[in-house]
Amino acid sequence: MAIRKSNKLTQKAMIKQIMMRCSSLRKKHGYENDEGLPLDVPKGHFVVYVGHNRSRYIVPISILSRPEFVSLLHQAEEEFGFDHDMGLTIPCDEQVFQSFLR
């Protein structure tokens, strides 16, 4: 059995890239405290923007281990890429995302 190489990022590399990108956006927009964290985002959480209106959601980092969220991240990468100034945008209907968080 041969091992097939993939051009796509591994899940771990993709998550690391997302977290680095979120960190650089915080610094760029200047809404951080002395620890480099946004004032309204608790430790262990990060921000995503969802839906057509780009509604802002604060989600726990533990969500990164859920296969459904990883699938959404792959969709986000394909649709938007991770190299833009709009933050991590999830291409998903808001109602679907809200039900996913429950």
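Reader: How many residues lie between S1 and S2 in their hairpin, and which residue in the turn has a positive phi?

Author: Four residues separate S1 from S2 in the hairpin, and Gly 51 in the turn has a positive phi of about 80°. Helices (H or I, at least four residues) and strands (E, at least two) are DSSP runs, numbered from the N terminus. The model is predicted, so local features need pLDDT of at least 70 and side-chain atom pairs count only at pLDDT 80 or more, while totals for chains, interfaces and linings use all residues. Residues are numbered from 1 along each chain as its sequence is written, and side-chain values use heavy atoms, with hydrogens and water left out.

Reader: What is the strand order of the open sheet?

Author: Strands of a sheet pair through backbone hydrogen bonds, either parallel or antiparallel. Here two strands count as paired if DSSP finds at least two bridges between them. The order is S2-S1-S3, in an open sheet of three strands with mixed pairing. S2 (55–60) and S3 (89–90) are the edge strands with a single partner strand each, so one side of each has no neighbour in the sheet. S1 (residues 45–50) pairs with S2 in the antiparallel sense over six bridges; Phe 46 faces Val 59, and Val 47 stands opposite Ile 58. S1 and S3 run parallel, joined by two bridges, and Tyr 49 stands opposite Thr 89 there.

Reader: How many residues of S1 are buried?

Author: Buried means under 20% relative accessible area, exposed over 50%, partly exposed in between (1.4 Å probe, protein chains only). Five of the six residues of S1 are buried, so the strand is largely enclosed by the rest of the structure.

Reader: Which residues touch the most other members of the largest nonpolar core?

Author: A nonpolar core is a set of buried Ala, Val, Leu, Ile, Met, Phe, Trp, Tyr and Cys residues joined through side-chain atoms within 4.5 Å. The largest has 16 residues, and Phe 46, Val 48, Val 50, Val 59, Phe 69, Ile 90 and Phe 97 touch the most other members. S1, S2, helix H2 (67–80) and H3 each supply at least two residues of this core.

Reader: How many aromatic pairs are there?

Author: A pair of aromatic rings is described by the distance of the centres and the angle of the planes. Rings of Phe, Tyr and Trp (its six-membered ring) pair if their centres lie within 6.5 Å; planes under 30 degrees apart count as stacked, over 60 as edge-to-face and the rest as tilted. The count is four. Phe 46 and Phe 69 are edge-to-face, because their centres are 6.2 Å apart and their planes at 70°. This pair links strand S1 to helix H2, 23 residues apart. Phe 97 and Phe 100 form a tilted pair, with 6.1 Å between centres and 40° between planes. Both residues lie in helix H3, three residues apart, and both are buried. Ring pairs join Phe 46, Tyr 57, Phe 69, Phe 97 and Phe 100 into a cluster.
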